[in-house]
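Welcome! Keep the view open as you read, and look up each place as it comes along.

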Amino acid sequence: MVNIEREVGLTFREKLRLEVFAGFKKTALVIGLSYMVVLTLFIVSVQYSQLAGGTNDIVSYFNTVHWKSDRLFAKLEEKGLNQFLSGHLSEREMFRKVYQESTRLPFRSAISIYNPRGTLLLSTRLPNRNGLQDDAFVKIALPNINRETEDRLMKDYQGNPFLLKMKAIWSKGVKIGYLVLYVDGNDFESGLKIGATQYVIADRFNHLFTSNSLQDRTLSWQKINANQLKKWMTVSEGNLILHQWKSLSQELFLYTSIVVLPLSYLLIFTGFFVLGIMLLLIALARGLSERIASHSSDSIALLVQDLEKIVNGYQDKVVVRTEDEFGYLAQKINSLLNTLQRLFHQTLALEQEKTTVERKLLEAQFNPHFLYNSLESIKILIDFNPHKAQAIILALNRVLRYSITSQEEYATLASDFDILEDFLAVNQVRFEDFSFLLSYPEDLQGLRVPKLFLLPLVENALKYGMQSRHDLAIKVELQMTDRYIHIYVLDNGPGFSRSFKDDFARYLKAGQTEHGLVNSYSRLVMLYPSATIELCRVDTLNGVLLQFERKQACYG
């Protein structure tokens, strides 16, 4: 409640300043947090790139070991291994060749040769590795070895891990023996240079082969937690650690990890960095919000003063002249005022026009000449053709009754055409050679139209057409297309004069309703704003075309 009262008592300038400043503070918070996320992602991506490089180095080193081991096996086969297994080469000579080739490996190793029954024929021993004397595990694994070199893990009695690379020796499709290469896990990393990357190599049963992590070395032959090492990221003892893992062979898998930063250090570093950015942005936002509020409030004050003068009648438009949004707003307000003023004058003109139209309508309905001529015609017909005189009296009665009793401004097309037909029928009695045709689609019977709005057009056609020919023919026809409803009022008279055609557009613009054409059009456009009027010629007939959009049509 206190905050609401405090805001009510503030000026517009102060409210605007506080609002802008609050928006800038939120923006500063978002930017600061974004910097924190980006900085963290950058540090993580750099460390992950280093981890990927270390992983690739280990994989490359292992592939080198694998390649050199296969090459060693191939060299031994070339230098008499088959002869040794078949008894044609002495153990001393074979030992010399084995020792000569094994010294080329980049790590300490031992080689054993077995016959097909698993009996040890020759073996070199790693120095200080007496635990290798028991080869029971090897003898169990040998029968499962085929043509390809396969990897196995084992440990000796002293707990030292070894990688066994085992291969079957074939001659003419017959297995004649086995080669086994022992790789010491403690010496495997001697050729690696991987920086801060920690690694673990284990078999598919999660038995540890080698690792440069002290924590993993304490596991001895215990199984590693492969599921934990397969996670992309973990937190251990307050450290953020990234992980990768790859398959080295069917039996061996490599798990690598790298410590990004202690999580507390990372949070403190990014926190201080973000806090500094936010404080700087907030300081800049305070000054900027002050300038925006000052500029905007001055323009608003001028705008309010001009509006008060307009309301009090001292001026008729806003005089703010700036190149910013407030200048644009002033232009739109002036445009709105001009539109309101124009609508006021149009409304006033329409009211005046309505009065004039009603007067013209009454004059057309009770034209003394029309009544006088109609009564004279009836007087003559009573003696010569009483039945026709009676029909004319009924038609004239319907026309007069329709004009007098109906107070509504609009009627349906069918009822209006009925009265128009009676009006023309009365005139047909006066002029024997006169003919007319009224037609419209059945779907338009209920179309709402201004009452007798076509009467001025028909009267014009009668008045000017009869001046040039006695066999005048008038055609009133409605047509309907997909988009428009067309109203044709045509006659076979002389048509419109050249001067009238030249001035017709001016008559429409000025709204001079004393012209029958403009009168009919003005009344129609008040009901259907899309209505247009044009002078036309259809075949040999001249006349007027009124049309409006079908979607605006009203019925009933």
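Predicted model: local features only at pLDDT ≥ 70, side-chain atom pairs only at ≥ 80, totals over all residues.

**Salt bridges**

- Side chains of opposite charge can pair when their charged atoms come close.
- How many salt bridges does a search of the whole structure find? The search finds 12 of them.
- In the opening pair, K167 is buried, since its relative accessible area of 19% falls under the 20% cut-off.
- Another salt bridge joins the side chains of E101 and K79, with 2.6 Å from N to O.
- E101 sits in helix α4 (residues 91–102), while K79 sits in the loop between α2 and α3 (81–85), so the pair ties together parts that are 22 residues apart in sequence.
- Is E101 buried or exposed? With a relative accessible area of 5%, E101 is buried, whereas K79 is partly exposed at 29%.
- D503 and R506 also meet through their side chains in a salt bridge, at 3.6 Å from N to O.
- D503 and R506 are separated by about one helical turn, because they are 3 residues apart in helix α14 (residues 498–510).
- D503 is partly exposed, with a relative accessible area of 26%, and R506 counts as partly exposed at 44%.
- Salt bridges can also be followed through a network, which links E150, R152, R204 and E251.

**Aromatic pairs**

- A pair of aromatic rings is described by the distance of the centres and the angle of the planes.
- Across the whole structure, a search finds 8 aromatic pairs.
- One of them is formed by W245 and F253: the ring centres are 6.3 Å apart and the planes are at 50 degrees, so the pair is tilted.
- W245 is partly exposed, with a relative accessible area of 37%, while F253 is buried at 18%.
- Y528 and F548 form a stacked pair, with 4.2 Å from centre to centre and 5 degrees between the planes.
- Y528 and F548 are both buried.
- Ring pairs also make a cluster, and this cluster links W245, F253 and Y255.

**A buried loop residue**

- N115 is placed in the loop between β1 (109–114) and β2 (120–123).
- Although it is in a loop, N115 counts as buried, at 9% relative accessibility.
- What does the side chain of N115 reach at 2.8 Å? The side chain of N115 reaches the backbone nitrogen of T119.
- Leaving aside residues up to four places away in sequence, N115 touches L121, I176, G177 and Y178.

- Which residues make a nonpolar surface patch of about 440 Å²? The patch is made by I268, F272, L275 and L279.
- I268 lies in helix α8 (residues 263–312).
- I268 is partly exposed, with a relative accessible area of 46%.

- K26 is found in helix α2 (residues 12–78).
- K26 counts as exposed, because its relative accessibility of 61% is over the 50% cut-off.
- How many residues apart in sequence are K26 and I282? They are 256 residues apart in sequence, and 9.4 Å apart in space from C-alpha to C-alpha.

Conventions:
Residues numbered from 1 in each chain as written. Heavy atoms only, no water. Patch = residues over 30% accessible without salt bridge, like charges linked within 9 Å, V, L, I, M, F, W, Y side chains within 5 Å. Areas by Shrake-Rupley, 256 points an atom, 1.4 Å probe, with all protein chains shown as cover. Salt bridge = Lys/Arg side-chain N within 4 Å of Asp/Glu carboxyl O. Helix = DSSP H or I, 4+ residues; strand = E, 2+ residues; numbered from the N terminus. Buried < 20%, exposed > 50% of the residue type's maximum accessible area, 1.4 Å probe, protein only. Polar contact = N/O pair within 3.5 Å; in protein donor to acceptor, adjacent residues only side chain to side chain. Contact = heavy atoms within 4.5 Å. Phe/Tyr/Trp six-rings, centres within 6.5 Å; stacked < 30°, edge-to-face > 60°.
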